[in-house]
Amino acid sequence: MAAPSLSIPLTTRAPLLRLLLRRRGLAHSASPPKLPVCSAPPRHRRGALFLGPGAGAGERQRSGVGSRTMSASIYSTKVDAESAMTTNGRDVELLPFVNDKHGGVIIEMTTPMDPQLFSASLKSLLSKWREQGIRGVWIKLPISLANLIQSAVEEGFWYHHAEETYLMLAYWLPNTPHTLPVNATHRVGVGAFVMNDKREVLVVQEKSGVLKGLGIWKFPTGVVEPGEDINIGVVREVKEETGVDAEFVEVLAFRQSHKAYFEKSDLFFVCILRPLSFDITKQESEIEDAQWMPVEEFAAQPFVQQHELVKYILEVGLAKADKEYTGFSPISIKSAFSPKQSLFYMNRRDLEKASGPIINTQKDS
């Protein structure tokens, strides 16, 4: 959560703003600024896997340089009003910011501001932070304040990432290669192997995508939503596409691929589910057809023989059904650094053989 703005009142700052802008040679413009085309940061500006402002602290090594996340969820120090109001002996308009535990600062704009005033304030704060040894600076701009983007880019900020409602920009103050974390690198997908007691697998034909109109039957698949666990997402996808209620059993395997969507990598988790209902109601918007199909008929499709991923999904699914394969099931765990619960997926059968029964499991499969 961003610190409240410590701006001095508008009635007090108006003469000050005119003086400050004159000293900096800035003139008011009647027309709104054009949005900039932001070039990528220099190639040496590379960092670690992005956990992102708000995603927690982390650290890894890349090319021998320690790369740290800058977490908005662990802000440690709010702005000090008295010290922040003066830079080089002159009062400046304050921007709402907080200090990060990793030597950085995060500016989170929430209210409208004149772009020239924003630029002047940003210049002064960057100078002050450089003297203080601050390293990374983040600016979070909501879409409603897009008119401030140009001012930030002109000061040297680059685009880090964007979501539906905001843009995050980044800047590195020291005269060294930066160690800021990069943007999120992976999308998470799921595929479901669901088989009934008749050894029929639940399959669908899609209305769109590369398989549209080809008459190919495939396993239900989908994408995990932000903040959604894998075991919950795959159950939801099966329900949405086919209307079948199912219970998560295990993650059987996963595939990693690169340059999949918008140049991002993809993690695809193959899961086995136990059906709890059998009547099918297809998803009209995405699914052309859905049915329970004998596994031998599904395996006989030329598509299955040619597509190695589908072949392996079928093999591990049948091996699990025949009690010859054990995948990964989740247990709920705590962290020493956060009260949040998370899920740890592991081969519980073999661990229990080696160490005895597992305490505090989420659910037995």
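## Basis and confidence

The model is predicted: local features need pLDDT of at least 70, side-chain atom pairs count only at pLDDT 80 or more, and totals for chains, interfaces and linings use all residues. Residues are numbered from 1 along each chain as its sequence is written, and side-chain values use heavy atoms, with hydrogens and water left out.

The protein has an average pLDDT (the predictor's confidence in each residue, from 0 to 100) of 79, and 73% of the residues score at least 70. Helices (H or I, at least four residues) and strands (E, at least two) are DSSP runs, numbered from the N terminus. Where pLDDT is low, the predicted coordinates should not be read in detail.

## Aromatic rings

Seven aromatic pairs are found in the whole structure. Rings of Phe, Tyr and Trp (its six-membered ring) pair if their centres lie within 6.5 Å; planes under 30 degrees apart count as stacked, over 60 as edge-to-face and the rest as tilted. The pair Phe278 and Trp292 is tilted, because the ring centres are 6.0 Å apart and the planes lie at 45 degrees. Phe278 is in the loop between strand E15 (264-275) and strand E16 (287-294) and Trp292 is in E16, so the pair ties together parts 14 residues apart in sequence.

Buried means under 20% relative accessible area, exposed over 50%, and partly exposed in between (1.4 Å probe, protein chains only). Phe278 is partly exposed at 44%, whereas Trp292 is buried at 14%. Elsewhere, ring pairs link Phe193, Phe219 and Phe298 into a cluster.

## The Ser338 loop

Ser338 is in the loop between strand E17 (329-334) and strand E18 (341-346). With 25% relative accessibility, Ser338 is partly exposed. A polar atom of the Ser338 side chain lies 3.1 Å from the backbone nitrogen of Lys340.

## Helix H8

Helix H8 (residues 308-321) has 14 residues and reaches 20 Å from its first C-alpha to its last, close to the 20 Å expected at 1.5 Å a residue. The expected span is 1.5 Å times one less than the number of residues.

Buried residues in H8 include Val310, Ile313, Leu314 and Leu318. Their cover includes strand E11 (186-194), strand E14 (246-261), helix H6 (295-299) and helix H7 (302-306). Just after H8, Lys323 has a positive phi of about 65 degrees.

Key: A polar contact is a pair of N or O atoms within 3.5 Å; within protein, one must be able to donate a hydrogen and the other to accept it, and residues adjacent in sequence count only if both atoms are side-chain atoms. Contact means heavy atoms within 4.5 Å.
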